[in-house]
Amino acid sequence: MKESFDNKIKPAWCNGCTNFGILTAVKKAFIKLDLPANKIVLVSGIGQAAKLPHYLNCNVFNGLHGRALPVATGIKAVNPQLTVVTTCGDGDFYGEGGNHFLHTIRRNTNITSLVHNNQVYALTKGQASPTTELGTKTRLQFDGVKEEPLNPLLLAITMNCSFVARGFAGNIEHLSDLIVEAINHKGFSLIDIIQPCITFGIRQVPYFKEKIYYLDKSYDPTDKYEAIKKAQEWEQKIPIGVLFKINKKNIFPEKEKNLIDENLFNKDVVEELINTFK
Ligand SMILES: Cc1ncc(C[n+]2csc(CCOP(=O)(O)OP(=O)(O)O)c2C)c(N)n1
Ligand code: SF4
């Protein structure tokens with residue numbers, strides 16, 4: 001019997017929040033992949049996006065703000081059989097967790113990261129995040145943001161991140177297919193998801209619906225220079241889909257086989273170890 005991943009917990013999001021679209025897309029992706037719930041781990045930090053794991057029936061780790069990636073890396077290291085997915089906001093992932101983002105790309109950890117990019121710190125009521133555009137007025141930055149925004153896709157592509165994509169929370173079917181492709185990809189996969197916050201966000205769904213377009217088969221995601229150009233499109237039009245994809249030989253944890261003690265995920269050994277602390 002296929003898993004449904006449903007649990008009975010009512011999401012603590014505003015009515016009509018675009019995070020509901022991402023939640024449905026994640027659920028659909030897991031169903032399409034036909035993965036058993038006990039083989040999936042959703043890891044998050046803190047924020048509205050980071051609540052998503054609470055609403056799915058699978059393994060969950062809800063950690064500290066910015067710290068989803070080190071936890072996800074540890075889980076993958078001790079049990080490579082698990083499908084590990086992080087789900088974080090743009091502040092959580094690119095701000096507080098920015099250092100881990102860089103080093104996960106370098107390590108090429110075989111996990112998938114979904115970033116709900118609403119261009120604000122939504123849980124704390126709308127301060128500027130690393131992706132808020134220059135000059136944007138917020139409740140805290142009332143005379144406009146004075147820092148250049150981070151372009152996470154451009155950064156990831158220039159660092160040869162093995163899978164870099166952009167999704168849209170308003171297109172659930174397309175997003176769930178992207179998540180399937182990212183999870184099936186061997187190596188670190190990043191999907192930055194446009195997720196307008198209807199309460200504190202500056203730009204809303206109709207704005208993005210007008211600007212987005214979907215990359216089709218004529219686009220070659222293995223061409224790095226084309227990908228760099230695509231990643232810089234934002235003002236006039238915004239590409240959705242896989243911008244960049246390469247197969248890399250060195251994948252974590254496979255490349256560290258000699259360093260990782262297989263006993264770490266042997267139940268009896270772990271129980272014995274825990275008993276020594278009792
Ligand atoms: C180390 C630390 N700094 C700040 C906070 C306060 N804090 C909690 S959630 C949050 C913002 C979350 O924004 P984002 O990650 O973009 O997610 P969103 O709520 O927009 O989905 C902040 C600043 C915290 N919990 N821990
Ligand atoms: S504040 Fe924004 S991101 Fe948070 S639940 Fe409401 S609409 Fe969604």
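**Close-up views of a predicted model**

**Helix 6: the exposed residues Glu173 and Asn184 sit on the face turned away from its buried side.** Here, a residue is called buried if 20 or more other C-beta atoms, placed from the backbone, lie within 10 Å of its own, exposed if 12 or fewer, and partly exposed in between. This is a predicted model, in which local features need pLDDT of at least 70 and side-chain atom pairs count only at pLDDT 80 or more, while totals for chains, interfaces and linings use all residues. Residues are numbered from 1 along each chain as its sequence is written, and chains are lettered from A and ligands numbered from 1 in the order in which they are written. Helices (H or I, at least four residues) and strands (E, at least two) are DSSP runs, numbered from the N terminus.

**The buried side of helix 6 is formed by Ile172, Leu175, Ser176, Leu178, Ile179, Ala182 and Ile183.** Down the helix axis, these buried residues fall within an arc of 155°, so they line one face of helix 6. The arc is that of the directions from the helix axis to the C-beta atoms. Among the elements covering this face are helix 1 (19-33), strand 3 (83-89) and strand 8 (189-194).

**Helix 8 (residues 224-231) has Ala227, Lys230 and Ala231 as its buried residues.** They cover an arc of only 95° around the axis, which puts them on the same side of helix 8. Their packing partners are helix 5 (152-158) and strand 10 (238-245).

**Around ligand 1 there are 18 residues, of which Gly47, Gly89, Gly91, Asp92 and Ala122 come nearest.** A residue belongs to this shell if its C-beta atom, placed from the backbone, lies within 6 Å of the ligand. With four residues, helix 3 gives the largest share; helix 3 (90-96) and strand 5 (120-121) each supply at least two. The shell holds six nonpolar, nine polar and three charged residues. Ala, Val, Leu, Ile, Met, Phe, Trp, Tyr, Cys and Pro count as nonpolar, Asp, Glu, Lys and Arg as charged, and the others, Gly among them, as polar.

**Ligand 2 has Trp13, Cys14, Gln48, Ala122 and Phe200 among the residues around it.** Its shell divides into seven nonpolar, four polar and no charged residues. Cys14 is located in the segment before helix 1 and counts as partly exposed, with 15 C-beta neighbours inside 10 Å. Cys14 and Ile198 lie 184 residues apart in sequence, yet their C-alpha atoms are 8.2 Å apart in space. Beyond its neighbours within four places in sequence, Cys14 is in contact (C-beta atoms, placed from the backbone, within 7 Å) with Ile198 and Thr199.

Most residues other than glycine have a negative phi, and most peptide bonds are trans. In the loop between helix 4 (98-107) and strand 4, Asn108 has a positive phi of about 55°. Asn108 is buried, with 21 other C-beta atoms within 10 Å. Asn160, in the loop between helix 5 and strand 7, has a positive phi near 60° and is partly exposed, with 14 other C-beta atoms within 10 Å. The peptide bond from Phe252 to Pro253 is cis, with omega near 10°; Pro253 is in the loop between strand 10 and helix 9 (267-275).

Notes. Contact = placed C-beta atoms within 7 Å.
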